[in-house]
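Thanks for making time this morning.

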Amino acid sequence: MSEILEIRWHGRGGQGAKTAALLFADAALSLGMYIQAFPEYGPERMGAPVQSFNRLAKNPITIHCGITSPKIVVVLDPTLMASVDVTSGLLENGSIIVNTSKSPAEIRAELGLKKGKVYTVDASKIATEKIGRNIPNTPMLGALTKVSAILDFSAMIKDTEEKLKKKFAHKPEIIKGNIEAIKTAYETVKGEG
Amino acid sequence: MPVLARTGNEAMAEAMRQINPDVVAAYPISPATEVVMIFSKFVADGLVDTEFVAVESEHSAMSACVGAASAGCRVMTGTSSQGLQLMSEILPIASALRQPIVLCEVNRALSGPINIHCDHSDTMAVRDFGWLQIFSENAQEAYDSVLQMIKIVEDVKVRLPGMVTTDGFIISHCMEKIETLEDAEVKTYLGEHKKMNSTLDLTKPITLGSLDLQDYYFEHRMPMAQAMIEAKEVILKVGQEFGAKYGRPYGLLEKYKLDDAEVAIVAMGSTCGTARVVIDELREKGIKAGMLKLRVFRPFPAAEVAEVLAGVKSIAVLDRSDSLSSQGGPLYTEVRSALYDAKTKPVLSNYIYGLGGREINLEDLRQIFSEQKSNQSGKIVYFGVRE
């Protein structure tokens with residue numbers, strides 16, 4: 001089990017938690033890894049708390065149950081921390097990455113977290129500036145790539161750009177913004193001390 | 001071979017695109033909706049030559065499939081749960097008319113209460129309708145088995161319809177790494193579709209679906225039973241040939257660390273993948289654990305099951321459905337029956353689990369293995385259900 005990296009994404013319906021998990025897995029696949037990406041399924045409501053998941057490994061992944069002890073947690077919306085236990089099951093040596101303008105120390109205090117590492121990045125600001133809308137999922141991909149250190153960043157950027165070109169063939173103008181947002185988040189994600 | 005990131009539904013739709021069937025008639029239902037939704041996009045984009053019939057119900061979907069297949073077309077569809085049940089008036093007609101229709105089925109609980117998540121109740125409910133049934137552990141197996149199923153059902157010894165299943169959401173909506181064949185390779189692999197007994201062949205007029213009473217009905221049912229017996233060899237042959245060509249061999253069942261196992265489970269679908277991890281763990285601790293993964297439920301490979309389970313001391317059969325028979329789940333009763341003539345009979349228990357998508361995780365499987373030591377044969381456990 002130790003060789004499988006497990007990731008949990010927290011977001012709200014419509015913020016792209018599912019898409020982010022798919023994009024991250026797809027990029028990892030292109031770099032030769034075995035992958036899984038799956039959302040938590042329930043009633044789909046815009047704005048309601050949702051989760052999605054990734055497994056990444058160098059060897060084939062056969063396990064098909066849910067993820068309860070993630071190594072990395074990604075929080076797309078900091079207001080979720082008030083109502084959802086985002087650190088539930090986080091491994092002792094795990095990491096949590098939160099989209100917020102606050103510092104990692106402030107977030108650690110808010111979560112009352114005694115373990116792991118805390119990272120923050122202002123993904124909403126980055127998305128608003130670079131994409132023109134508060135869609136924090138793509139910048140969070142950049143932050144996750146930095147923190148997980150499992151993917152080569154330039155290869156990941158190249159792959160994601162190709163995927164976005166296919167997905168948004170009819171809206172090419174948003175691709176450049178998304179790629180810049182990923183790069184900015186990769187460069188500006190902050191750890192503790 | 002192309003390496004892709006695909007969900008179970010996308011993998012099945014991709015296989016359908018490459019098969020390029022003459023007719024697809026379907027009605028959407030969660031979690032199988034995407035299979036036909038993605039396929040209908042292939043139709044709209046002109047990537048296939050298929051006549052897509054958007055019907056108003058699954059009953060009509062299967063009726064249209066039978067009609068098209070009777071005309072000699074290669075026909076496919078997809079559905080799940082209540083959709084499969086709404087087809088169920090027509091399913092035995094498809095098999096009795098010996099129409100080689102292939103259905104992509106996504107396993108989902110039956111209503112009620114309403115539940116959209118995975119169990120095998122829907123597929124098990126139609127197990128005696130003369131359809132071949134293949135279960136997939138993951139998206140790769142779903143893709144491979146859909147291609148193979150076309151070959152199997154069109155074999156002149158079989159000529160029965162078949163369904164390939166994935167586990168709802170667990171596989172249907174989980175994106176994984178799959179290897180596909182090139183489009184041209186699929187075309188070569190499947191070969192030309194040969195029409196048989198087409199109602200549109202005016203030089204050889206035939207009647208299908210006529211009244212058939214005490215005098216001949218029985219004689220017309222018997223060849224179906226024979227075809228189901230012969231299907232076993234065809235499934236095996238097709239699975240081995242697929243392995244020889246593409247490196248992924250398939251059988252009726254798969255033994256996982258079973259040969260010297262003292263304690264084992266029998267399971268189908270996605271749970272088998274999770275169980276592999278637990279079996280590896282137990283083996284590292286020196287416990288001789290193993291698994292029989294059943295791929296083909298219809299025809300039921302009873303002799304093969306009995307042979308591979310013969311030496312195992314204790315076996316838990318995992319059923320992701322309950323037949324409400326008071327005698328355990330459908331897989332359990334089949335396995336138990338298969339072992340009736342075995343010289344050494346294992347301790348055989350039944351775990352009915354995961355109904356309505358209830359999670360089955362590593363800890364659950366560890367518990368099932370550890371309970372084997374003290375289980376009495378014939379014990380039926382409703383695993384994890386709250387009182």
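Predicted model: local features only at pLDDT ≥ 70, side-chain atom pairs only at ≥ 80, totals over all residues.

At the interface, 19 residues of chain A are in contact with 23 residues of chain B, and the area buried between the two chains is about 1,600 Å², with carbon and sulfur atoms giving 67% of that. Across this interface the rule finds zero salt bridges, although five residue pairs are in polar contact, both residues of each at pLDDT 80 or more. On the side of chain A that touches chain B, helix 1 (17–30) and strand 2 (34–39) are the elements that give two or more residues, and strand 2 gives the most, with six. By class, that side of chain A has 14 nonpolar, four polar and one charged residues.

Strand 2 of chain A is also joined by two bridges to strand 8 of chain B, residues 175–179, and the two run antiparallel; here A:Gln36 stands opposite B:Glu176.

Now to the sheet in chain B, which is open, has six strands in the order 9-11-10-13-14-15, and is mixed in its pairing.

Strand 9 of chain B is joined to strand 11 by four bridges, running antiparallel, and B:Glu254 stands opposite B:Lys293 in strand 11. Finally, helix 10 of chain B, residues 271–284, lies across strands 9, 10, 11 and 13, at about 165° to strand 11.

Definitions and conventions
Residues numbered from 1 in each chain as written. Chains lettered and ligands numbered in written order. Heavy atoms only, no water. Contact = heavy atoms within 4.5 Å. Buried area = accessible area lost by both parts, 1.4 Å probe. Salt bridge = Lys/Arg side-chain N within 4 Å of Asp/Glu carboxyl O. Polar contact = N/O pair within 3.5 Å; in protein donor to acceptor, adjacent residues only side chain to side chain. Nonpolar A, V, L, I, M, F, W, Y, C, P; charged D, E, K, R; others polar. Pairing = 2+ DSSP bridges. Axes fitted to C-alpha atoms, helices over the stretch in contact; angles between N-to-C directions.
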